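Please find below a colleague's note on the structure shown here. The points begin with the pocket and then turn to the protein as a whole.

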Amino acid sequence: MTIAMQIGKMLKEERTIKGYSQKKIADMLAMSQQQYSLCEKGMAELHYGQILTVCKVYGISPNEFFEDI
């Protein structure tokens with residue numbers, strides 16, 4: 001499993017736990033739902049600012065974000 005796929009898996013798990021739709025998270029990241037879907041599949045990557053936004057939304061630190069990778 002690639003790093004992008006591992007990050008995508010974590011993104012989907014956290015989103016599901018928090019009860020957000022892909023569209024809601026995509027809007028917060030100023031991207032389309034389709035683009036965000038590719039991130040969850042490991043076919044596209046978030047940039048640093050987007051990762052920080054995701055961490056804030058999910059209530060985790062960047063260290064926790066990358067902990068199991």
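1. The largest pocket has a volume of about 240 Å³. A pocket is an open set of points on a 1 Å grid over the protein atoms alone, where a 1.4 Å probe fits, with protein on both sides within 12 Å along at least five of seven lines. The volume is the space filled by probe spheres set on the points.

2. The model is predicted: local features need pLDDT of at least 70 and side-chain atom pairs pLDDT 80 or more, while totals for chains, interfaces and linings use all residues. Residues are numbered from 1 along each chain, and side-chain values use heavy atoms, without hydrogens and water.

3. Among the residues lining the largest pocket are Met-1, Lys-9, Glu-13, Phe-65 and Ile-69; a lining residue has an atom within 4 Å of a point. Helix α1 (3–18) gives the largest share, 5 residues, and α5 (62–66) also supplies at least two.

4. By class, this lining holds 5 nonpolar, 1 polar and 6 charged residues. Asp, Glu, Lys and Arg count as charged, Ala, Val, Leu, Ile, Met, Phe, Trp, Tyr, Cys and Pro as nonpolar, and the others as polar.

5. The protein has 5 helices and 0 strands; helices are DSSP runs (H or I) of at least four residues, strands (E) of at least two.

6. Buried residues (under 20% relative accessible area, 1.4 Å probe, protein chains only) make up 36% of the 69 residues. Of the contacts (heavy atoms within 4.5 Å) with a separation of 6 or more, 52% join residues 24 or more positions apart.

Key
Buried < 20%, exposed > 50% of the residue type's maximum accessible area, 1.4 Å probe, protein only.
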